[in-house]
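Dear colleague,

Please find below the structure that I am handing over to you. My notes on what was found in it follow.

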Amino acid sequence: MVAASANEPAPRPVAFRGFKEDLEHAQSEVARLATRLSRQPCDLQGRVRLLYRMFHRASLSGRMTYFEEMDAELRNVLRDFGPKEDICLLKVNLDFRFHRLHEVRRDMEMAPMLASRVEGKVLLADLDMQEGRYRDAQLALESLIAKSPTWDILARLAHWKGKLGEFSEADGLYREAEDELTAKQMLSYAWLEVQRGLLAFNSGNYADAWSHYHRADSSYPGHWYTAEHMAELLAAEERFDEALVMLREVVERTDKPELCHALAEMYVCAGRQDIAETWFNRALTAYQESARRGDVHYFHHLADYYGGAMEEPAEALVWARRDIELRSNFSTQTALAWALYRNGKLAESMDFIRLALTSGVRDAAILSTAAELFEASGDMAASRQYTAAALKLNPLHRRFRMHH
Amino acid sequence: MADHNDPNAVNHIFSDIDYSPADLYDLFGWPVEDGRKVVFALTLASAPSAGVLDPDLLYRLLLTSHPRVAWPDAREFNADSVLGYFEAVKQKYLGELKTAEIRVTVKTPGSVLMRFLGFPCGEFSAEVNVNTVAPITAPDGHAIKAFVGGRDDGFFNDLTGFFRSINYAPQFYHVPHTMMEARELPIPKTLLELEGNDLFNYRDDMPEWGYTQPDGNTPKLDLPPGPWTWSGDRFKKDANGNFRFVYSGRDCRAGQNCNAIVLEIPHSLITPNTAENRLVNAWGESWVLKAAHKVESIPDDPSWLAQPWKVVREKELDGELQRYKLVDTDGQPFADAALSEREDDRQLGANNFWLGPHFIKRLAHLGWGFGPSISALGLKCSFDHDDSPVSVYKTYDHVVAAFPRVAKTLFQKLNMPDDSWNPKGLNIPLRRPFEIFVPNVCAVDMDTSGTWPFGRRLEDQVATRFLSLFLDMEAEWNGRKYHVDLLGDQALWDSAPIFPRTPPNPLKNDKVFLDNFPYLAEPWPQTW
């Protein structure tokens with residue numbers, strides 16, 4: 001027994017469980033449940049638990065192969081047990097992640113009551129956002145927050161505010177979301193810190209961005225998601241050697257084609273076009289394979305790919321049009337406007353950029369694109385206005401950035 | 001557009017609720033050494049394992065000592081007076097009440113820091129090795145005993161029977177976590193099986209249905225699509241004319257461990273005026289460290305403009321507690337489980353005064369279920385169910401409508417089985433349900449044995465005693481007044497038209513309690 005001052009804060013052993021430990025745990029849980037369920041395939045609760053664990057493993061690792069395994073098992077469980085609400089909810093989340101918005105609607109219809117649940121309402125708000133019904137999305141999120149300000153809903157609203165250029169308000173909402181999290185949710189906390197870092201990055205405040213990224217990394221060590229954003233920031237600071245090392249490692253860990261694409265662009269910025277080619281090709285192969293399988297997830301990346309470094313505007317236009325057929329929002333509208341412009345269809349291009357701007361979006365990259373398009377259309381006043389707005393939002397917006 | 005940055009990217013474990021060290025199980029409390037000392041045992045989930053505490057958790061045991069309140073028998077109880085009582089409790093707990101506190105946090109993997117705050121002799125602390133009885137001496141010389149570590153879970157109860165009685169579907173069915181309406185299914189609650197109740201009646205082909213197995217799995221069925229209704233008009237009877245009990249008397253916590261914080265504290269350490277302050281009220285709380293405070297940095301403060309309510313609330317907390325989130329509370333057994341519908345936002349510990357009206361409505365809802373079951377067994381019931389021959393599903397929106405039904409249940413004195421609860425033979429009034437559950441504290445009367453509801457001793461079968469609230473305590477069985485242990489009397493069931501003929505819950509724990517501190521038995525040799 002040791003007498004001590006009562007006001008002295010309790011010393012706490014800090015034991016950070018990070019990415020590595022969580023992934024190992026997820027792997028072993030999946031293996032354990034799969035073994036058990038191979039003997040008891042009719043255990044619905046066990047099968048659903050396995051699905052959620054598989055989703056966790058896939059999300060954590062970022063590996064498409066895990067998502068594919070999980071997708072296959074999800075279809076098996078649906079076949080074996082029918083459209084139970086929690087299975088459908090998981091399918092909605094999965095389909096959303098891969099931009100299969102038509103499927104999302106079908107999933108919601110399979111479990112009609114889901115739309116009346118908080119979880120369902122949140123996803124419908126996401127759908128509104130993706131399909132350009134911004135006001136509906138915002139109102140839905142605000143209404144949900146008024147009833148129950150859970151961290152994930154706060155974060156969604158923060159994301160929306162960030163897109164409107166309301167950085168301070170967005171950061172406040174992220175902060176509020178963080179305050180809802182406990183030490184048992186460090187992955188979520190780190191994710192929120194990355195979002196705050198991204199907000200700072202998007203306003204050109206690199207010092208703050210570093211601060212948040214470091215906090216994310218120390219709170220949940222070893223996560224490739226944080227490293228991906230750090231690499232982007234390093235590249236924006238033109239520290240290409242460090243950025244390339246870091247991003248290459250992330251690519252090796254995740255094998256995500258969009259990161260191969262980003263790595264290629266980073267090599268280009270670093271003046272290593274020779275190496276970039278390999279990574280562009282790797283990304284393109286994966287994008288095309290995905291599209292051949294009927295997946296829609298990489299349409300926007302394909303538009304970006306062909307409209308960017310590859311300078312193949314006709315192809316870019318094909319994919320931008322296919323993407324906007326799925327979801328018409330300021331992001332896809334801007335991509336299509338750019339592709340149309342590069343294909344000499346300026347009038348149609350102006351229609352889409354105007355449509356994007358009516359959303360109220362205040363993103364420096366979009367405003368900068370608008371400035372170029374208005375300049376091309378001869379409206380110099382509008383061009384200057386958007387140039388100034390982009391610079392005001394982010395004086396460094398022409399630096400390197402990734403399509404996350 | 002950063003369209004991959006949705007929180008679902010990380011919010012992906014919502015289907016699984018892990019075994020949580022923040023889950024408080026029970027709070028036991030009783031006087032020892034002729035009322036000069038009091039023992040409290042706060043039990044909690046053994047996570048990460050029995051004998052190992054989670055370093056992100058903070059546990060509090062809050063104590064306050066004050067005089068016994070004697071309710072004048074002649075007083076007319078009505079809805080206004082009981083709501084007035086709740087208001088008075090509220091003023092007390094929000095107002096002048098000063099609590100002492102024992103705060104426990106992990107210091108090293110093998111020890112905890114135990115801090116004593118708000119005691120009359122001042123504040124002090126001690127480092128205590130886990131799984132070891134530790135003597136602690138207060139600055140004024142008071143001797144305290146402390147134990148923190150793994151133990152056998154002292155709760156013995158047919159949990160599955162209880163869940164069956166309240167139609168708690170997740171114990172028996174795979175219920176998606178989104179389907180909040182499918183927790184307690186909207187059919188009558190009951191102690192006796194209902195004829196044609198295919199949703200919850202015992203199934204010969206699945207004897208272990210709803211019973212958690214040693215491997216942690218619980219045999220369950222797929223939830224039928226609904227609507228979940230029952231349209232019968234009678235209790236089920238077998239060929240011999242016997243009712244079927246929803247309880248089995250089985251100990252669903254047998255062979256399972258908990259972690260426990262056990263303290264033996266001199267009454268005079270809590271209050272200098274032990275002669276007057278004969279009650280020691282206690283409740284436990286679990287807090288989890290906020291994520292922002294696990295990182296070695298100074299987190300942002302929530303702004304006044306963004307969340308003023310939170311700032312106000314947190315200003316009331318000390319610096320350390322502001323770094324944690326309150327997760328669970330525990331005072332009275334069944335205050336949460338039976339009377340709060342297991343809703344987390346109602347787990348408010350002592351500060352549950354605002355739930356007073358809810359308790360009345362909930363008690364009435366339970367009464368319509370349990371009352372007719374009790375009457376069908378030939379027992380007198382405290383709840384006014386209009387002599388309904390079978391359990392009824394009924395909910396209330398307003399206290400005024402519920403109150404007349406439940407008035408006797410709320411205000412009747414709970415008879416004790418004998419005089420052993422009052423060893424000094426003092427003029428101590430029997431307790432009444434309304435004062436037991438609001439505030440939600442374990443109220444130890446230092447002049448009694450501390451048996452429930454005068455505290456809670458380890459050997460008390462509180463689940464069965466809780467059911468006795470619905471017995472009419474003015475009635476007699478075998479020439480004796482009904483009492484809180486009547487439903488635990490095997491003789492009663494031997495003569496009842498029921499199967500199985502067993503008290504609803506086991507009569508004793510699976511392991512023998514110790515005669516000395518820390519009283520809870522050694523843990524089982526397993527990590528679960």
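**Findings on chains A and B**

In chain A, the residues A:Pro257, A:Cys260, A:His261, A:Leu263, A:Ala264, A:Tyr267 and A:Val268 of α14(A) meet A:Gln273, A:Ile275, A:Ala276, A:Trp279, A:Phe280, A:Arg282, A:Ala283, A:Ala286 and A:Tyr287 of α15(A) (two residues are in contact if their C-beta atoms, placed from the backbone, lie within 7 Å; helices are DSSP runs of H or I with at least four residues, strands are runs of E with at least two, and both are numbered from the N terminus). By class, the residues of this contact between α14(A) and α15(A) are 13 nonpolar, two polar and one charged (Ala, Val, Leu, Ile, Met, Phe, Trp, Tyr, Cys and Pro count as nonpolar, Asp, Glu, Lys and Arg as charged, and the others, Gly among them, as polar).

Please note that this is a predicted model, in which local features need pLDDT of at least 70 and side-chain atom pairs count only at pLDDT 80 or more, while totals for chains, interfaces and linings use all residues. Residues are numbered from 1 along each chain as its sequence is written, and chains are lettered from A and ligands numbered from 1 in the order in which they are written.

Two packed helices are described by the angle between their axes and the distance between the axes. For α14 (residues 257–269) and α15 (residues 273–292) of chain A, the axes come within 8 Å and cross at roughly 160 degrees (axes are lines fitted to C-alpha atoms, for helices over the stretch in contact, and angles run from 0 to 180 degrees between N-to-C directions). α14(A) and α15(A) are therefore roughly antiparallel (the term applies to angles over 145 degrees). Their crossing is left-handed (the near helix is turned anticlockwise from the far one by less than a right angle).

A second pair in chain A is formed by α2 (residues 44–61) and α3 (residues 64–81), whose axes come within 9 Å and cross at roughly 160 degrees. That makes α2(A) roughly antiparallel to α3(A). The crossing of α2(A) and α3(A) is left-handed, and their contact comprises 12 nonpolar, one polar and four charged residues.

As a whole, chain A has 21 helices and zero strands. Its radius of gyration, taken over C-alpha atoms, is 22 Å, close to the 22 Å that the globule rule gives for 404 residues, so chain A is as compact as a globular protein of that length (the rule is 2.2 Å times the number of residues to the power 0.38). The C-alpha trace of chain A spans about 75 × 60 × 50 Å along its principal axes.

Chain B, in turn, contains 10 helices and 20 strands. Among its contacts with a separation of 6 or more, 70% involve residues 24 or more positions apart. Of its 528 residues, 51% are buried (20 or more other C-beta atoms, placed from the backbone, lie within 10 Å of the residue's own; 12 or fewer make a residue exposed, and numbers in between partly exposed).

B:Ala475 lies between α9 (462–467) and β18 (476–477) and is partly exposed, with 13 other C-beta atoms within 10 Å. B:Gln213 lies between β11 (173–174) and β12 (221–222) and counts as exposed, with 9 C-beta neighbours inside 10 Å. Leaving aside neighbours within four places in sequence, B:Gln213 is in contact with B:Glu208 and B:Thr218.

Yours sincerely

Notes
Parallel < 35°, antiparallel > 145°, perpendicular 65-115°, else oblique.
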